[in-house]
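Here are my notes on the model, as numbered points. Please read them with the structure open.

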Amino acid sequence: MLLGLVSPSGGEAFVLGVPSGEVEIRRKVGFLPEDFRFYQWLTATELLEFHGRLCGMDAGRLRERVPYLLDLVGLAPHRGKRLQGFSKGMLQRIGLAQALIHDPEVIFLDEPTSGLDPMGRRLVRDIIRAQRDRGATVFLNSHLLSEIEVTCDQVAFIRDGEIVTTRDLRGWQEEKVRVRVCARKLAPQIVAGLSQWATCDQLDDQSLSLTAASREVLPEILCYLVQSGSAPFEFTPQRISLEDLFMEIVGEDRGL
Amino acid sequence: MNPLWVIASITFREAARKKILWTALVVGLGFLMVFGAGLYYQMADFHASNMPPFLRYQVLSAMLMVGLYTVDLLAVVMTILTSVDTISGEIASGTIQAIATKPVARWHVLIGKWAGFVAMLAIYVAVMFGGTLAAGYWIAGVSLDNPLRGGLLVYLECLLALTATFLMGTWFSTLTNGVIVLGLHGLAFLGGWLEQMSGFAQGSALVTLGVVSSLIMPLEAIWRRAAFLMQPPLAGALQFTPFANISVPSGAMVGYAGFYLIIILALAIYHFQRRDL
């Protein structure tokens, strides 16, 4: 909708302050579709030149920009090869290059790492970070939450087409911490006493899961457990993954 | 460079690079060779017979008209087959998404592709139509009236078929599009011949049926106008060829075809601009 591919059923949307349907605003927008397909008979260089010309770039600028981008996405050795001989990962890379051909201010990437090997995924992450560092805004749409976690500054969880919540991922790991506790005696009054630092989820007689607001309170919790005579024998801070957060926010799969 | 020309040029290059244009021209060359051989052997038979020169010329003119009619059919079918996947295929595969999200108006995309085919068809019709006329002149010494106007009308037919294919491509899948446009071509073909037959029998219902078919798809009517303009008046009047001067579409039909082309092109743009990709 923001790129004008689909008409909205109602309401309005703006990109960089301009109504999303405007053609001219696309000079500042780059897009990589989820399943990037293009004329298989073109070479990598010809594909980028074609997209550059569509963006109004002149021959001089294309001469600089095309080799730079081919190098950036690791396809310089394949510049003269036709796309029909490209693997899925190579098509993703050339698709990413076409999205960046005109130095856009806003970039929409739909599943940019699907089909890529670990090196390719790292390369895409580095490119996204470089775009962010030069001041571009990158919208990364992905179901690979681990990729989102290490790449994005902010995340929006969408369910049934609506944003359920947004989170700032910069330093979010330091904000909340989950701890697995195992102890010989976890009497109800001891567990109740933990509520001053954390929320508790008792798993069985000897183990519970704590979610504390920050790491700062962990020494105090451990001291409390020792002093209350619960005899703790395991106290393991656990990393909360984005997937955990996703499950917590969006909920279990309710099936099709 | 204007994005319209960027898309037109890549569409043309696609036809050349995917060997569509060259294959069509090679097949056309094969046709020209067979046609030329036919004329050559006909000339050899004439030399061995005592047929009067006047009659020989009429027979050779009729052969040339049949050759041009074959070119006409071939050109229209080639137009449909080569363009049927252009819009619908790119929508179905998602190829169009990377183009439509560039700073290019949707109508530029559609007209650019259309213009690429228009250029390709100009080459095809020029080679095939010109080649057939040249074979007739050099091998058999026959020429037709108004060859340029005839050639332009055949080209107009190709543009009609192309634009109808583009219009249906904005609505339907490739296969459905092909079925519809080839079906319309069949309707036009049948309608044209029904109208021709009605001239012999003076049947008004047949005329109406033929005219209605021609209004729905005026391909065959344009050919009959071209045939009327090209063949020698005597050959047409004496019915030496299957394209006798019976129930000839008027010049207004050419105007109608031009108007029809503009309307369906506008409809194709209108629908392509509003549909989801």
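1. Helix α6 of chain B covers residues 106-140. The two helices pack at an angle of about 165°, and their axes are 10 Å apart. An angle over 145° counts as roughly antiparallel, so α3(B) and α6(B) are roughly antiparallel to each other. Their crossing is right-handed.

2. Which residues make that contact? From α3(B) come L60(B), L64(B), G67(B), L68(B), V71(B), L74(B), A75(B), M78(B), T79(B) and S83(B). From α6(B) come F117(B), L121(B), Y124(B), V125(B), M128(B), F129(B), T132(B), G136(B) and A140(B). By class, the contact of α3(B) with α6(B) has 14 nonpolar and 5 polar residues. No charged residue takes part in it.

3. Helix α3 of chain B (residues 53-83) also meets helix α7 of chain B (residues 147-169). Here the axes come within 9 Å and cross at roughly 25°. Angles under 35° count as roughly parallel, so α3(B) and α7(B) are roughly parallel to each other. This crossing, too, is right-handed.

4. The α7(B) side of that contact consists of V154(B), E157(B), C158(B), A161(B), L162(B), T165(B) and F166(B). Facing them from α3(B) are D72(B), A75(B), V76(B), T79(B), I80(B) and S83(B). The classes are 8 nonpolar, 3 polar and 2 charged residues. Look at A75(B), T79(B) and S83(B): they are listed in the contact with α7(B) and also in the contact with α6(B).

5. How far can chain B be trusted? Its mean pLDDT is 88, and 93% of its residues reach 70 or more. Confidence within chain B is highest in α7(B), at a mean of 95. It is lowest in helix α11 of chain B (residues 233-237), at a mean of 64. Where pLDDT is low, the predicted coordinates should not be read in detail.

6. Now the interface. Contact between the chains involves 21 residues of chain B and 23 residues of chain A. On the chain B side, the elements that give two or more residues are α1 (3-17) and α5 (95-100). That side has 11 nonpolar, 5 polar and 5 charged residues. The model scores ipTM 0.81 and pTM 0.83.

7. Chain A has an open sheet of 3 strands, in the order β3-β4-β5, with parallel pairing. Which strands lie at its edges? They are β3 (29-32) and β5 (137-141) of chain A, each pairing on one side only. Neighbouring strands of the sheet are turned by 10° against each other on average, direction ignored.

8. Within that sheet, β3(A) and β4(A) (residues 106-110) pair in the parallel sense over 4 bridges. L32(A) stands opposite L109(A) in β4(A). Helix α3 of chain A (residues 88-100) packs on the sheet and touches β3 and β4 of chain A. The direction of this helix makes about 165° with that of β3(A).

9. Last, a hairpin in chain A. Strands β9(A) and β10(A) form it, with 2 residues between them. β9(A) spans residues 198-204 and β10(A) spans residues 207-212. The two strands run antiparallel and are joined by 6 bridges. What is the bridge partner of Q202(A) in β10(A)? It is L208(A).

How values were computed
Residues are numbered from 1 along each chain as its sequence is written. Chains are lettered from A and ligands numbered from 1 in the order in which they are written. This is a predicted model: local features need pLDDT of at least 70, side-chain atom pairs count only at pLDDT 80 or more; totals for chains, interfaces and linings use all residues. Two strands pair if DSSP finds at least two bridges between them. Axes are lines fitted to C-alpha atoms, for helices over the stretch in contact, and angles run from 0 to 180 degrees between N-to-C directions. Angles under 35 degrees count as roughly parallel, over 145 as roughly antiparallel, 65 to 115 as roughly perpendicular and the rest as oblique. A crossing is left-handed if the near helix is turned anticlockwise from the far one by less than a right angle, and right-handed if clockwise. Two residues are in contact if their C-beta atoms, placed from the backbone, lie within 7 Å. Ala, Val, Leu, Ile, Met, Phe, Trp, Tyr, Cys and Pro count as nonpolar, Asp, Glu, Lys and Arg as charged, and the others, Gly among them, as polar. pLDDT is the predictor's confidence in each residue, from 0 to 100.
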